Amino acid sequence: MSDFMIRLSSIDEIKHFIRIATLQPCGVQLASGNQTTNAKAYMGVFNLDFANPLRCTVCGTEDQRMSFLNSVQQYVIEA
């Protein structure tokens with residue numbers, strides 16, 4: 001399991017991030033403050049506060065983490 005920070009600034013970016021997360025064989029979670037949700041669930045993700053960076057947690061192997069991190073690199077602000 002590993003964490004990194006991302007920023008999603010538009011609805012298109014949010015949808016794109018969810019599509020990428022959905023393709024992953026491992027678990028991906030997003031957190032904003034005390035609220036955490038499955039990054040593959042539209043309803044949960046759209047309930048997060050996007051005014052601040054989000055913590056992204058990947059629960060999988062190191063290869064899965066690196067593959068996902070490379071796929072969402074454009075949103076990463078701190079790895």
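**Entry 1: overall fold**

I began with the contacts in the protein that have a separation of 6 or more, and found that residues 24 or more positions apart account for 66% of them, where contact means heavy atoms within 4.5 Å. I note that this is a predicted model, in which local features need pLDDT of at least 70 and side-chain atom pairs count only at pLDDT 80 or more, while totals for chains, interfaces and linings use all residues. Residues are numbered from 1 along each chain as its sequence is written, and side-chain values use heavy atoms, with hydrogens and water left out.

I then listed the secondary structure and found 3 helices and 5 strands, taking helices (H or I, at least four residues) and strands (E, at least two) as DSSP runs numbered from the N terminus. Read from the N terminus on, the elements follow the order β-α-β-β-α-β-α-β. The radius of gyration is 11 Å, close to the 12 Å that the globule rule gives for 79 residues, so the protein is as compact as a globular protein of that length; the radius is taken over C-alpha atoms, and the rule is 2.2 Å times the number of residues to the power 0.38. Along the principal axes, I see the C-alpha atoms filling a box of roughly 30 × 25 × 20 Å.

**Entry 2: surface and burial**

I looked up the accessible area, which comes from the Shrake-Rupley method with a 1.4 Å probe, only the protein chains shown counting as cover for residues. The protein exposes about 4500 Å², of which carbon and sulfur atoms supply 49%. Of the 79 residues, 38% count as buried, where buried means under 20% relative accessible area, exposed over 50%, and partly exposed in between.

I found a nonpolar surface patch of about 280 Å² made by I11, Y42 and F46; such patches take residues with over 30% relative accessible area and no salt bridge, joining nonpolar side chains (Val, Leu, Ile, Met, Phe, Trp, Tyr) within 5 Å and like charges within 9 Å. F46 belongs to helix α2 (residues 42-46) and is partly exposed, with a relative accessible area of 34%.

**Entry 3: the salt bridge**

I searched the whole structure for salt bridges, each being a side-chain nitrogen of Lys or Arg within 4 Å of a carboxyl oxygen of Asp or Glu, and the search gave 1. The side chains of R55 and D3 form it, at 3.8 Å from N to O. R55 lies in strand β4 and D3 in strand β1 (residues 2-6), so the pair ties together parts that are 52 residues apart in sequence. R55 is partly exposed at 33% relative accessible area, and D3 is partly exposed at 41%.

**Entry 4: single residues**

I checked S32, which sits in strand β2 (residues 27-32) and is buried, with a relative accessible area of 13%. Leaving aside neighbours within four places in sequence, S32 is in contact with L48, D49 and L54. A polar atom of the S32 side chain lies 3.3 Å from the backbone oxygen of D49.

I also examined Q24, in the loop between α1 (11-22) and β2, and found it buried at 11% relative accessible area. Residues up to four places away in sequence not counted, Q24 touches K40, Q64, S67 and F68.

Finally I looked at T61, in the loop between β4 (54-59) and α3 (62-71), which is partly exposed at 45% relative accessibility. The C-alpha atoms of T61 and S2 are 9.7 Å apart, although 59 residues separate the two along the chain.

Conventions:
Buried < 20%, exposed > 50% of the residue type's maximum accessible area, 1.4 Å probe, protein only. Polar contact = N/O pair within 3.5 Å; in protein donor to acceptor, adjacent residues only side chain to side chain.
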